Amino acid sequence: MTSSDSNLDTLVGAWLTLKEAAAPLGVSPNRIKTLIRENRLMGVVRGGELSIPAAFIDGDDLVKGLPGTLVLLGDAGYSTEEALRWLFTPDDTLPGTPIQAMRENRGTEVRRRAQSLAF
């Protein structure tokens, strides 16, 4: 694990393997891979296994607005690591992190900010 990986782990906190992420969503691990390929989810290889942030799952669904926000970040040219850093870095003006705001149904402001990153 590189220093960069360690810093990302500190920001993100809990991670789920594909199998762990699939269970609450009621889908197969292959479906999670498809969601990642479609840019509706984001994952990184950790310890040789593809994993997603646990904060991306809300009960039995993805966090509301997450897929659209990930598309906006991708359109802004953000790499997976850059997008994860943006989503999990505290922002005093929100307040909290963008992913926290989305989990608290304050995603409109997060998406507005993500959209402005491209300009």
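This is a predicted model: local features need pLDDT of at least 70, side-chain atom pairs count only at pLDDT 80 or more; totals for chains, interfaces and linings use all residues.
## Strands around S3

Strand S1, which covers residues 15–17, is joined to S3 by three bridges, and the two strands run antiparallel. Strand S2, made of residues 44–46, is likewise joined to S3 by three bridges in an antiparallel arrangement, and here Val44 has Ser51 in S3 as its bridge partner.

S2 and S3 form a hairpin with two residues between the strands, and in this hairpin Gly47 takes a positive phi near 60 degrees. As background for reading any such arrangement, side chains in a regular strand alternate between the two faces of the sheet.

## The aromatic pair

When the whole structure is searched, one aromatic pair is found. The pair consists of Phe56 and Phe88, whose ring centres lie 5.9 Å apart and whose planes meet at 35 degrees, so the pair is classed as tilted. It links distant parts of the chain, since Phe56 sits in the loop between strand S3 (49–53) and strand S4 (57–58), whereas Phe88 belongs to helix H5, 32 residues apart.

In soluble globular proteins, nonpolar side chains tend to be buried together. The largest nonpolar core of this model has 35 residues, and those that touch the most other members are Ile32, Leu41, Phe56, Leu66, Leu84, Leu87 and Phe88. At least two residues of this core come from each of helix H1 (3–12), S1, helix H2 (18–25), helix H3 (29–37), H4, H5, H6 and H7, and H5 gives the most, with five residues.

Helix H4 spans residues 66–75, and its buried residues are Leu66, Pro67, Thr69, Leu70, Leu72 and Leu73. The elements that cover these buried residues include strand S5 (61–62), helix H5 (80–88), helix H6 (98–103) and helix H7 (107–116).

Leu66 deserves a separate look: once its neighbours within four places in sequence are left aside, Leu66 is in contact with Arg40, Leu41, Phe56, Ile99 and Met102. One of these contacts, Phe56, is also a member of the aromatic pair described above. Just after H4, the chain reaches Gly77, which takes a positive phi of about 90 degrees.

Note on methods
Residues are numbered from 1 along each chain as its sequence is written. Side-chain values use heavy atoms; hydrogens and water are left out. Buried means under 20% relative accessible area, exposed over 50%, partly exposed in between (1.4 Å probe, protein chains only). Helices (H or I, at least four residues) and strands (E, at least two) are DSSP runs, numbered from the N terminus. Contact means heavy atoms within 4.5 Å. Rings of Phe, Tyr and Trp (its six-membered ring) pair if their centres lie within 6.5 Å; planes under 30 degrees apart count as stacked, over 60 as edge-to-face and the rest as tilted. Two strands pair if DSSP finds at least two bridges between them. A nonpolar core is a set of buried Ala, Val, Leu, Ile, Met, Phe, Trp, Tyr and Cys residues joined through side-chain atoms within 4.5 Å.
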